[in-house]
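Welcome to my notebook. I opened this one to see what touches what, and I jotted things down as I went.

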Amino acid sequence: MTESSVSPIEWFENMIDNCYDYAEAAKSRGIPIVGIMCEFAPRELIMAAGGLPVCLCGGAAKTISPAEEYLPANLCPLIKSTFGYHITGSNPFLGWADLVVAETTCDGKKKMFELMAEKRPVYVMELPQKPDDTDAFEHWVLELRKLKTELETRFDVKIADAKIRESIATMNKERALRRSLAELMKQETPPITGRQLLEFKSIISGIPADLEQYEKALQTFSHPIDEKSRTDSQSSTKPRVLLTGVPVVHGAERVVDIIESSGGMIVCMENCTGLKPILEDVDIDAEDPIRALAAKYFRLHCSVMTPNSRRFDIIRQLAREYRAECVIDLVWQACITYDIESFQIKRLAEQELDLPYMRIETDYSPSDSARIAVRVEALIETVSRRRMR
Amino acid sequence: MIGVGIDAGSRAIKIALVDADTEKMIASGIVKQGINSEELALGLFDELLAGNGFTCDDVKRIVATGYARSRIGIADTTITEITCHAHGVRHLVPGVRTIIEIGGQDSKFLRLDPGGSVHDFAMNDRCAAGTGRFLEVVADRLGVGLEDLGQLSSMSTRPAMISSMCIVFAETEIIGLLSSGASPEDIVAGVQNSIATRVSTMIGRSATPPVVFTGGVAMIPGMAHALESVIGESVSISPSPQMTGALGAAMLALEQAGF
């Protein structure tokens, strides 16, 4: 498929195929494929080393049961699905990976990486978890420097500052484009659904054709919709949902579909597959680009951080900017940090923001879809009745 | 003119007819849920209309609720059982702040704000422990009727501990208790406590009074008492507990029709 003939929506519907072609071509040219499994992985460094960072987070239910031969059943489905791909060899991107860059973002991943490392090269970065602690930050800077050395040694390259700045420029551009797309949802009548917005992402960052399509999407959707062409999915009367919590990775969009087919409109996704990683850019003019990268990534408000007050600040800000009418907090089963933090999010939503709050704890199996739909529908009814008051 | 609420639940279909002017429930009926919800609902609907001297022309609007609500073709619209129960109970017990509803496969708790709107709610999602089905399984296993459970539990001296979170495992646990000599009275009391405990976990730290108990399970003696002892608040049983969903649906039908 050539990118000029298709609409942005069609283009990103084929995101996995596009990425497959792109990565396959890169691999055949000798470009190292580097798997990443978390937004803390500094893609810019990998790109500066001449590598292609590919997100390998699993979103498929079918790879969970093979994974459970090794991992406990009561574990986050994202970890199990990712590991299932490793075991069954059914993710070509993982198969191509010359290295997996991992982080100690959560205990489940951390221990899973030990098992993965028995079969393929895995490099683990230690993520400090106190975001306001200077020593913690300095430690993180060192972790990035060690990753740089690892990449240089493994791929026999020298990572010059100029190269890092080049990849910072690419990533800043991509983040800015995706941020602008997300901001379309601030409109009274958003031109796309939350589900469509979620499609505007790629498991490989910085693909030139993707960047063109992001721009094209912005041009297409930036014009306010006239009333006549408004379709049902673009109704401005639907309650505006702020979705927070765990990432909704490719293949695991079930809850997003349920929310939008139950009458809600997701106007803001404050999670790793939404705004969280693209809210801020990297300072391209910084004297030391490694420190600049460390600064950007260390500000990611992941629930592994303690205290994670930045997440509360961001939700306050986003709820206002996107005029959210309720908060839905998605928690993957056994994701302890998001699960516990949901107590604080509920308190923030209900007591401070005066917004109805709902926590959905689930995994990738569709067995509870009908139950979740009832709860979401009831929440939407509650929001609608609040409007009538 | 009348508003009609059809509550197509997991174990029974309930229909309520409400008069548009007086807002009073004129008639109600119930039929056991089966393979064809639509047909069963239609049969009951026709019977209720004819039995009370109404024709279809008298029906202003029909709202369906309950888990099979989308299969009720005669309904003009559907509303979730959460909103309907809140509306129905609020109509019967003005000022209610906490509603506990336990039905065939559901247990839910609703917190209403002082104005009567749903503020917060929780329900069981992946498992039917803590629901009416649990009591059915127990009654069946002990060879007694559902209606006898209250009498039995009131005679318990040492309620058994039922710790399983799953109906199937709890049944195994009950068999084990029986073989180790536990009395049916103590087992029933233990099961009721276990259901109450599960519901109280949903509620969290505090249930704002007044607390009203509704749903089919509210009709089983002993359950309200078990809830009271676990949540530490007095719990009153809603009038017509099995009908509050259908009643709420009928009230909402009238509201939507502009009454």
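I began with A:Leu45 and skipped its neighbours within four places in sequence; what remains in contact with it is A:Leu144, A:Leu147, A:Lys148, A:Leu151, A:Ile159, A:Ile164 and A:Leu293. I call two residues in contact if their C-beta atoms, placed from the backbone, lie within 7 Å.

A note on the source: this is a predicted model, where local features need pLDDT of at least 70, side-chain atom pairs count only at pLDDT 80 or more, and totals for chains, interfaces and linings use all residues. Residues are numbered from 1 along each chain as its sequence is written, while chains are lettered from A and ligands numbered from 1 in the order in which they are written.

Next I looked up chain B, which splits into domain 1 (1-93 + 242-259) and domain 2 (96-238); these bounds come from an automatic or database domain assignment. I found their C-alpha centres 26 Å apart. Across the boundary, 14 residues of domain 1 of chain B are in contact with 18 residues of domain 2 of chain B. On the domain 1 side, helix H2 (residues 81-92) of chain B gives the largest share, seven residues. Helices (H or I, at least four residues) and strands (E, at least two) are DSSP runs, numbered from the N terminus.

Then I turned to the two chains: how many residues of chain B are in contact with chain A? I noted ten, which meet twelve residues of chain A. H2 and strand E8 (118-123) of chain B each give two or more residues to that side of chain B, and E8(B) has the largest share, with three.
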